[in-house]
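Here are my notes on this one, written for someone new to reading structures. Have a look at the model, then work through the points in order.

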Amino acid sequence: MQSLRGTKDILPNEIHIWQTIHKIAHNTLNIYNYEEIRTPIIENTELFQRSIGNFTDIVNKEMYSFHDQGKRHITLRPEGTASIARALITNKMYTEKPINRLWYLGPMFRYERPQKGRQRQFHQLGIECIGSDMPVADIEVIKLANEILQKIECKDQYSLEINSIGNLHEREIYKLDLVEYLKKYENELDKDSKNRMSKNPLRILDSKNLKTQEILKDAPKLKQYLNKTSLKHFETICEHLTYLNIKYKINNYLVRGLDYYNYTAFEIKTKNFNQQNTICGGGRYDNLIEQLGGPRIPAVGWAIGLERLILLMQKSISHRIQQDRIYIAIQNLYTIDILWDIIHVLQEYQLKFELDLSNNNLSKQIKRANQLKAEICFIIGENEINDKSITIKWLKTRTQQTIKLSNLRKYIKYLKRFHYLTKY
Ligand code: ATP
Ligand code: MG
């Protein structure tokens with residue numbers, strides 16, 4: 001049996017990377033008062049159509065949608081922001097606090113052609129700062145993305161690109177002029193861009209096609225359509241980023257694939273050139289919550305694709321797997337008291353152990369302990385069972401000694417004092 005195309009098992013030997021990311025995210029974001037939120041994986045299809053937009057790639061071709069037994073239109077979430085906006089409205093979270101700082105980590109689903117860094121079930125870590133239209137909120141979220149990436153040891157392997165895509169009104173006027181300009185070159189545009197002319201012309205700016213890029217060079221620039229407020233918002237962000245020593249590049253062609261953004265749009269890209277080089281995408285979305293039937297609440301956030309991040313980490317981090325544990329080799333698995341008495345003491349001191357369940361002879365069990373690179377092997381043979389003792393064998397040095405079970409606590413305390421044993 002195979003797993004579905006574009007999905008992957010995360011096996012026990014990889015899980016510590018995921019746990020590390022969760023821990024780093026929690027620690028970093030907690031300090032800035034971001035709280036974790038977990039929303040359902042399934043939502044009404046309409047939620048994504050109304051938020052992400054019907055003419056975007058995600059809604060148009062990438063959604064996992066189905067009818068449930070009650071004939072409801074359901075979609076596996078392709079991203080996190082729409083669900084969070086929905087949760088904010090459903091639970092009236094805005095009535096409790098003027099600002100909701102939230103983060104999430106979980107699987108997302110998009111029907112795309114699987115390739116390196118692109119899966120059909122993938123994971124995003126994301127944050128949303130909901131309730132402020134001040135540029136400092138944008139800076140706070142960008143700074144946090146930067147901090148998390150640094151802690152994950154991706155230093156200098158990525159760069160931040162930022163743009164202002166203005167407000168809805170400014171964009172509408174710009175779109176008209178852009179389309180008018182592009183009409184002259186319609187036949188020279190790539191197929192995708194041609195399709196986008198009527199539906200989503202801004203996305204043409206994002207085209208990877210060289211000919212289209214050439215044509216765009218002389219196209220009207222979105223920046224020229226921004227009014228004072230939009231420009232001020234953007235300039236403030238740039239000034240703060242400079243003060244914070246966060247390097248950025250202004251990319252006038254950066255528009256992002258989702259409809260709900262305004263003002264700030266940014267991406268963090270890895271420096272190694274490959275097709276899937278965007279690890280983080282984000283921006284401001286001041287109209288989304290209102291658009292979904294909530295009050296007018298401005299917000300800003302980002303999402304990091306974790307599979308792509310992990311590809312980077314694997315280059316920079318040496319993954320140490322903690323092997324040290326106490327292996328319990330026991331002659332007779334039907335022995336009741338001594339077995340559980342030992343285990344309870346180890347548990348009490350939070351020492352990691354593994355009980356041999358094979359019922360093989362002792363020498364085979366000790367061999368297994370060596371293969372697993374355990375630190376210590378507790379050997380409980382007939383003699384030990386009879387006089388309630390344990391033979392403790394240090395596998396690296398091959399030294400061993402026998403102690404009374406009643407002295408086990410004292411022995412562990414002694415070892416701990418000299419840091420022979422680590423706590424798990
Ligand atoms: P791309 O241009 O690579 O398709 P996107 O603009 O569709 O990315 P976003 O919707 O902004 O991506 O999602 C944020 C991040 O989630 C991306 O930067 C990427 O790291 C990750 N991501 C998006 N789609 C996938 C996928 N199919 N597989 C793995 N990671 C993904
Ligand atoms: Mg995409």
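Predicted model: local features only at pLDDT ≥ 70, side-chain atom pairs only at ≥ 80, totals over all residues.

**Notes on the ligand site, the cavity and the domains**

1. β10 is the top contributor to the shell around ligand 1, giving three residues. Strands here are DSSP runs of E, at least two residues long, numbered from the N terminus.

2. Residues are numbered from 1 along each chain as its sequence is written, chains are lettered from A and ligands numbered from 1 in the order in which they are written, and side-chain values use heavy atoms, with hydrogens and water left out.

3. Which residues come nearest to ligand 1? Out of 14 around it, they are Arg 110, Glu 112, Gln 119, Arg 256 and Thr 278. "Around" means having a heavy atom within 4 Å. Sorted by class, the shell has five charged, five polar and four nonpolar residues.

4. Now the polar contacts (pairs of N or O atoms within 3.5 Å). Thr 278 has a polar backbone atom 2.9 Å from an oxygen of ligand 1. For Arg 118, a side-chain N or O atom sits 3.0 Å from a ligand 1 oxygen, while Ile 279 uses a backbone N or O atom, at 3.3 Å. On its own, ligand 1 has 590 Å² of accessible area (Shrake-Rupley, 1.4 Å probe), and the protein covers 87% of that.

5. The largest holds about 40 Å³ of space, and its lining includes Tyr 174, Leu 205, Pro 220 and Lys 221. By class, that lining has seven nonpolar, one polar and one charged.

6. Finally, the domain assignment gives domain 1 (12-166 + 226-316) and domain 2 (326-417). Their centres, taken over C-alpha atoms, are 49 Å apart.

Note on methods: Polar contact = N/O pair within 3.5 Å; in protein donor to acceptor, adjacent residues only side chain to side chain. Helix = DSSP H or I, 4+ residues; strand = E, 2+ residues; numbered from the N terminus. Nonpolar A, V, L, I, M, F, W, Y, C, P; charged D, E, K, R; others polar. 1 Å grid on protein atoms, 1.4 Å probe; cavity = no way out; pocket = protein on both sides within 12 Å on 5 of 7 lines; lining within 4 Å. Points joined across faces, edges and corners; volume = space filled by probe spheres on them. Domains from an automatic or database assignment.
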